[in-house]
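Subject: Structure handover

Hello,

Here is the structure I said I would pass on. My notes on it follow below.

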Amino acid sequence: MTYTKMRNELKDFYWQGDDIRAKRLADKIFAILDSKKTEDMTPVALKVLQYGVIAEKFEPVLFRNCPYYFETSIITSCCDGCGWAVKKGHHFAQANAWANMQNGYLYKERDPELHEKLSAQRSELLYLFSNEYWDSQQHFNFNNRPILAGGLKSVYEKAKAQLDTAENDKQREFLRGIMSGMLAIKRIAERFSEKAADMLKSETDAEVVRNLERICNTAKRVPWEAPTTLYEALNTLAFMRKALGSLEGVGPNTFGRIDMDLYPFYKHDIESGILTKDDAYELIAQFLITFDMHYDHDMKMVGYADHELENTYTLGGCDFDGKPFCNELTLMFLTANREEKIIFPKIKVRFSKDSPKEYLDEINRSVIKGTSTILYSNDDAVIPSLVRAGRPIEEARDYLISGCWGIACYQEKFDHGAYFNLLKPFEFALHKLYDKIEKVGIDFKVFEGDETFEELYGKILYNTEAMLRSRNDIIRRGIGIRNDVVSHPIFSSTLKNCIENMANFTDGGAKYYDDFLLMFGLPNIVDSLMAIKTLCFDKKVCTLSEMLTAVRNNWEGFEELRSLAIKCHGWGDGNEDSCTLASRFNNDLYEICGKVEGTCGGKIHMGHLTYTEIRWWGEKTLATPDGRYSGEYFAQGLTPSRLKKIPSVTDVITSLRALDRSTLAANSVFNIILPAGKTDLATCEAFLRAAADSAMESLQLNVTSKEQLLDAQKHPELYPDLIVRVTGFSARFTSLSEGWQDEVLTRNFYK
């Protein structure tokens, strides 16, 4: 099928006017909520009020040529559920933001001095997270498995049963909040059934009638009752994403391990004769197209996250016994993703050195043709890191990837955007930025120029630990306010232990409360240290003081020294000295994380990755001893600096093998560009199996050439399917702004 009618109908709805529609509904719903609010309302009471009003006042939308029901009109097309519409020029609070906004002033009012210190440190780009003190709107991994297994009713009844054991009003209110949330979602589904019944009164097209009748009959039951067919299960995933986002005001970032979770429904349908394999494939294709058509892939990517919808699903990997996992649905999703040229939902595939050849070939088919929509996740690195982080082996084997690269078990919510900028304390010390050091309130040690290499290295570790301790102290004190600001009964309802503990996931209810810290800057710092060690101490080409002077002058007048710095061995070149130093630095960072208590009392796990900050924060960072000029790009994650121009991908893998993969429970990201025309399925398979035996956790693989990309700049009409992995998302190369095209063009192209 071409699905042309479906695509056009979705395009007409999502590509224009969605901001007007969502803003109009927000104004209407805000007015109702404001009129019903009382001053004594708790965060749970505010959220319950929001649930009820939105469930009655949202505007259900059914598409005549789409078999699924899900669209509430509450959130804009490029929004994942976060309360603020900020894409495509929008900037307004949506209806789902109301409850979360009511007490937001408390963060500043309760401790103005703390809030000011937080603002100072964030303004100097020391770290990032998505809201005040903690990630309260995005990167929510909603666990759909209880809904697929027992429907909303099972969650409702579980919360209701716990009421008998509740010891206080707070616990009872939380449980009733969950029950109210389940009933609100039930009401939303019922209104879709009513909408379908109304549309059937005048519909004559046979295919449309079939869609509407199925919706009318299904929405009366599902997801209140558990789905029983593949269609109902797929619709449950689509529906819950929109319903949760519309009611809770948070962005649910993943459909989960979709091939594993949906297989029992598929098997049932095939064995009972309800569906053929072709029917199942069509449902999968329609499901993917539904979300892929939420935005125009040709709109220019200019800003921070213009092509980001934070919507994912995970395929493959291993089963609970550790055996490679791939079934018919796995291959159907891969085929539909390739044939329909799907960019969103973002597809995450798990692999290992033992993955079946058929599976790896199916993953790689589109990539070797220049359509890079896939993020590869290495089980052989991720699973050991999760086990070392304290996850039971069964949970570690069951991990999924959400958002951009977020590794998560089904039973946890953590901040996938908790970036920690290693380069800032390095910059402050290197350039002796005393005014900024005073502003952020951290006692950083500066580089004076007369240190030994070990003294310099020790200052880097000291400053890193000082920044981490200051950050965590601020956040720990700040998030103590959060439970007086916001509650998330629906989201908490399916997280392990929240109902049993009768508490929100932020209030001690959930099983896990660890921090996952996403560091960036390791390649640039390792290369800088290698340049200093080589030129200042080993070869004595210059003194450390002379090197610091050159860097502080942005290399002006020191061009020859800069050239020598770039030529030094560095991260990714496979050299024994650079590998040893990188391993040492990574292990020292791991030890620092182990010495500092997490913001909620748990452990701190680390990784190496970043988002579009490689440009935006790079532009605001001064020169570094690796030869980088002020304002130039950072290296992304564990990707070698683009200054090195390392020709062999084998050297890169050698470097990655030097790192202890079990230290990186928060994930590490790597960009690789293999040559177009020279990379076939066999080459790709061999590369993945070799990469599996390294610390390469998330691989962003592009297969193209600089010549091809340059030609696409000149003749974009010839390259409609040239899709590149940009950072935490993929986009058509021709849709990137000139600045982002240049960023891709300056990457390393390996032989």
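Thr-373 sits in the loop between helix H14 (357-367) and strand E7 (374-378); helices (H or I, at least four residues) and strands (E, at least two) are DSSP runs, numbered from the N terminus. The model is predicted, so local features need pLDDT of at least 70 and side-chain atom pairs count only at pLDDT 80 or more, while totals for chains, interfaces and linings use all residues. Residues are numbered from 1 along each chain as its sequence is written, and side-chain values use heavy atoms, with hydrogens and water left out.

Thr-373 counts as buried, at 2% relative accessibility (buried means under 20% relative accessible area, exposed over 50%, partly exposed in between, with a 1.4 Å probe and protein chains only). Leaving aside neighbours within four places in sequence, Thr-373 has contacts (heavy atoms within 4.5 Å) with residues including Asn-337, Ile-723 and Arg-725.

On the cysteines: there are zero disulfides, a disulfide being a pair of cysteine sulfur atoms within 2.5 Å. For Cys-66, the closest cysteine sulfur is in Cys-216, 16 Å away, too far for a bond. For Cys-79 the closest is in Cys-82, at 5.6 Å, which is also too far. Cys-66 is buried at 1%, and Cys-79 is buried at 10%.

Finally, an open sheet of four strands has the order E3-E10-E11-E12, with mixed pairing; two strands pair if DSSP finds at least two bridges between them. Its edge strands are E3 (127-128) and E12 (604-608). Strands E10 and E11 run parallel, joined by three bridges.

Regards
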